[in-house]
Amino acid sequence: MEYYIVIPAHNEEAFISLTLQSLISQTHLPKKVVVVNDNSTDKTAEIVLAFAKENPFITLVNKTSSAIHLPGSKVIQAFNAGLETLDDGYDIMMKADADLVFPNNYFETIVKHFKSDSKTGMVGGFCYIEKKGQWVLENLTDKDHIRGALKAYRKETFKQIGGLKPQMGWDTVDELLCKFYNWKVITDPSLHVKHLKPTGANYNKTARYKQGEAFYTLGYGFVITTIASAKLAMMKKKPLLFIDYIKGFLKAKAAKTPLLVTPEQAKFIRKYRLEKMKKKTFLNIC
């Protein structure tokens, strides 16, 4: 199976060479890698071009956008700019961050998962961050969720879910739509990927309400949003974020912000999330 990778990059000169080196060292090489240089003011473009000179499957796309780094919209707009330069000759499409170091067998293993079951729609490993000289799991989500930093999609799945939405919540709605269309989402705990920069490190303060807005646009409703907000705030060890998330939800509702999903999909998502929450509650009690 052939795979393409699109990497949005904004001022990543400190990390991009490590990411690209890990990609050209794969036991199963990518057919194409597109790095989207999104308004960088450092040497990101120079570094990518140096790699492209030695590795023809790597290309650079330059994009101009706002300097403000908000979760969701900016990164996916950059991803889509890279996607537009690619043909349809892939079996697997991947969105990757520019600050990752993949183990050499990462994509060989990813491909094996897709080959083993034709209903597998998405596959991913786990992100690890360095703390006190040790690489530890960046534990921000459930173990059955693929982090937005390293999403790999079967082509048919990618097209059926409508690609990636340039909005906060894109890396949740993709998996929920996979389940809506009866695709499987596989996470492989054996695949440890080094995440060189903590998630959200460069987010502007104006992003603080975005998570709550995302919960609204995913069709969660207030009850599920309240539970999800409390859980996420505690996982990040910042309880006051709960208030920001709820404010973001209420602001989006008052503004009648368009949903990322159809009413039918929203109904499915609410049912799925409630069932998952009930199951976890039951297991915790047991």
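The protein chain is divided into domain 1 (3–195) and domain 2 (205–284), with bounds taken from an automatic or database domain assignment. This is a predicted model, in which local features need pLDDT of at least 70 and side-chain atom pairs count only at pLDDT 80 or more, while totals for chains, interfaces and linings use all residues. Residues are numbered from 1 along each chain as its sequence is written, and side-chain values use heavy atoms, without hydrogens and water.

The C-alpha centres of domain 1 and domain 2 lie 24 Å apart. The interface between the domains is summarised below.

| Item | Value |
|---|---|
| Area buried between domain 1 and domain 2 | about 1800 Å² |
| Share of that area from carbon and sulfur atoms | 68% |

Met168, Leu176 and Phe180 of domain 1 lose the most area to domain 2, together 32% of what that side buries. Contact means heavy atoms within 4.5 Å; buried area is the accessible area (1.4 Å probe) that two parts lose on being put together, summed over both.

Across this interface the rule finds one salt bridge, defined as a side-chain nitrogen of Lys or Arg within 4 Å of a carboxyl oxygen of Asp or Glu.

Lys276 forms a salt bridge with Asp144, with the closest N and O atoms 3.0 Å apart.
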